[in-house]
Amino acid sequence: MVHYRAVCLRALNQPARKTVARRYAMGDYEIDVETYELKECGLPKSVEPQVFDLIPFLIAERHRVVTKFELLDAVWGNRFVRECAMTSRIRSARKALRDDGKRQEVTRTTHGKGYRFVAQVTEVTTGSTDDVS
């Protein structure tokens, strides 16, 4: 009984997870969460599943720095992974979006804290677009 109550109390104190938009557009790129596609200039671009998962998660949380722990939880869940696996996927996500660790025009590193998506993004809805930068 105590364990169940502690779990319920912990769940009540957790912030609600945001609903992720289905499609995002930024510059030459479009990310469709439902079809699991990243497109560059309208053409599909191949990325690893974990790399893909990082991008819409960072976009949805672009108003703040996302901690490394949050990224690990969101992308890898309960699996044990080393931090170097995450940094490798961040590097691949940057490369897929033609960014890098020096320019940081798309994903900015806050050393010792985490990452923030800083590129201008438009949420794409059926028939219209809403700028949400």
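Start with Thr-107: its bridge partner in β7 is Phe-117. Two strands count as paired if DSSP finds at least two bridges between them. Strands here are DSSP runs of E with at least two residues, helices are runs of H or I with at least four, and both are numbered from the N terminus. Keep in mind that you are looking at a predicted model, where local features need pLDDT of at least 70 and side-chain atom pairs count only at pLDDT 80 or more, while totals for chains, interfaces and linings use all residues. Residues are numbered from 1 along each chain as its sequence is written, and side-chain values use heavy atoms, with hydrogens and water left out.

Now follow the turn. β6 and β7 make a hairpin with 3 residues between them, and Gly-112 in that turn has a positive phi of about 80 degrees. On to β5: 2 bridges join β5 to β7, and the two run antiparallel. There you'll find Thr-67 opposite Gly-114 of β7. Put together, this is an open sheet of 3 strands in the order β5-β7-β6. Its edge strands are β5 (66-67) and β6 (107-110), each pairing on one side only. Helix α2 (residues 49-60) packs on the sheet and touches β5, β6 and β7, with its direction at about 75 degrees to that of β7.

Axes are lines fitted to C-alpha atoms, for helices over the stretch in contact, and angles run from 0 to 180 degrees between N-to-C directions. On the α2 side you have Gln-50, Val-51, Leu-54, Ile-55 and Leu-58, which meet Arg-89, Ile-90, Ser-92 and Ala-93 in α4.

Helix α4 (residues 83-96) also packs with helix α3 (residues 68-76), at an angle of about 80 degrees and with the axes 11 Å apart. That makes α3 roughly perpendicular to α4. From α3, the contact uses Lys-68, Leu-71, Leu-72 and Trp-76, while α4 brings Glu-83, Ala-85, Met-86, Arg-89 and Ile-90.

Let's zoom in on Leu-71, which lies in α3. Is Leu-71 buried or exposed? Leu-71 counts as buried because its relative accessibility is 0%; buried means under 20% relative accessible area, exposed over 50%, and partly exposed in between (1.4 Å probe, protein chains only). Leaving aside neighbours within four places in sequence, Leu-71 is in contact (heavy atoms within 4.5 Å) with Leu-54, Phe-57, Leu-58, Val-66, Trp-76, Met-86, Ile-90 and Tyr-115. Leu-71 and Tyr-115 are 44 residues apart in sequence, yet 8.9 Å apart in space, C-alpha to C-alpha.

Finally, step back to the whole chain. There are 4 helices and 9 strands, following the pattern α-β-β-β-β-α-β-α-α-β-β-β-β along the sequence. Of the 133 residues in the chain, 34% are buried.

Conventions. Angles under 35 degrees count as roughly parallel, over 145 as roughly antiparallel, 65 to 115 as roughly perpendicular and the rest as oblique.
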